[in-house]
Amino acid sequence: MIPGIEVIEGDITQQSVEAIVNAANTSLLGGGGVDGAIHRAAGSGLLDECRRLNGCKTGEAKITKGYNLPAKWVIHTVGPVWQDGNQGEDDLLASCYRRCLELAEQYEIRTIAFPGISTGIYRFPLQRATKIAVTEAKTFLERHPLVQVIFVCFSRQSYDCYLAVVKEILGEEG
Ligand code: ADP
């Protein structure tokens, strides 16, 4: 597989990558959306480990094992809840991607799959969030060319958005 950025449509819990990212909430004790799906697929060992982490601040990230998931690791990050765009949402979302990628670097993770952090229940506008995600991945990959970043889209609409943004920012498709 050529390292870089890949965009796929699918379920992140089924990805055979070294790490998947969870769009968690500050409690790290599970929730709806992708968080609920990851906890269901990983099994109760994940919740047990999360309980020992004492939560996570918005814009930060913490790592656990993947338990019953195909992925070895889960990197839990807490995206900002969209308010009006003037409450630091962009910087907090960029920080989520950076912190996750820093953990990937520390753990020597070569393949990492991201969902669209904050673009579900937290209502961050999809295209604006996607530009932040792709920009942060590009910046990281310039220094870590052997890493593969996979953006896992849960809808055709999100897949189309990622492809367009990747083309705009990287000048190529996936
Ligand atoms: P947030 O609270 O950060 O907005 P959500 O879980 O509500 O988190 O949504 C984040 C994104 O993850 C949304 O784009 C949603 O469609 C997507 N999503 C939900 N379930 C899955 C899944 N199983 N795999 C990949 N993406 C998912």
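How far is an oxygen atom of the ligand from a polar backbone atom of I121? The distance is 2.7 Å. The structure is a predicted model, in which local features need pLDDT of at least 70, side-chain atom pairs count only at pLDDT 80 or more, and totals for chains, interfaces and linings use all residues. Residues are numbered from 1 along each chain as its sequence is written, and side-chain values use heavy atoms, with hydrogens and water left out.

**Ligand site**

| Residue | Protein atom | Distance to a ligand oxygen atom |
|---|---|---|
| T119 | side-chain N or O atom | 2.8 Å |
| I121 | polar backbone atom | 2.7 Å |
| Y122 | backbone N or O atom | 3.0 Å |

Taken alone, the ligand exposes 560 Å², and the protein buries 88% of that; these areas come from the Shrake-Rupley method with a 1.4 Å probe. There are 14 residues around the ligand, and V34, S118, T119, G120 and I121 come nearest; a residue counts as near if one of its heavy atoms lies within 4 Å of the molecule. Helix α1 (residues 33-42) gives the largest share of this shell, 3 residues. Helices (H or I, at least four residues) and strands (E, at least two) are DSSP runs, numbered from the N terminus.

**Aromatic pairs**

Rings of Phe, Tyr and Trp (its six-membered ring) pair if their centres lie within 6.5 Å; planes under 30 degrees apart count as stacked, over 60 as edge-to-face and the rest as tilted. By this rule there are 5 aromatic pairs. In one of them, the ring centres of Y97 and F114 are 4.9 Å apart and the planes make an angle of 40 degrees, so the pair is tilted. Y97 belongs to helix α3 (residues 89-106) and F114 to strand β5 (residues 111-114), so the pair ties together parts that are 17 residues apart in sequence. Both Y97 and F114 are buried, where buried means under 20% relative accessible area, exposed over 50% and partly exposed in between (1.4 Å probe, protein chains only). Y97 and F114 form one aromatic cluster with F151 and Y162.

**Positive phi values**

Most residues other than glycine have a negative phi. L28, in the loop between β2 (19-24) and α1, has a positive phi near 60 degrees. L28 is buried, with a relative accessible area of 1%. E108, in the loop between α3 and β5, has a positive phi of about 55 degrees and is not a glycine. E108 is exposed, with a relative accessible area of 66%.

Definitions and conventions:
A polar contact is a pair of N or O atoms within 3.5 Å; within protein, one must be able to donate a hydrogen and the other to accept it, and residues adjacent in sequence count only if both atoms are side-chain atoms.
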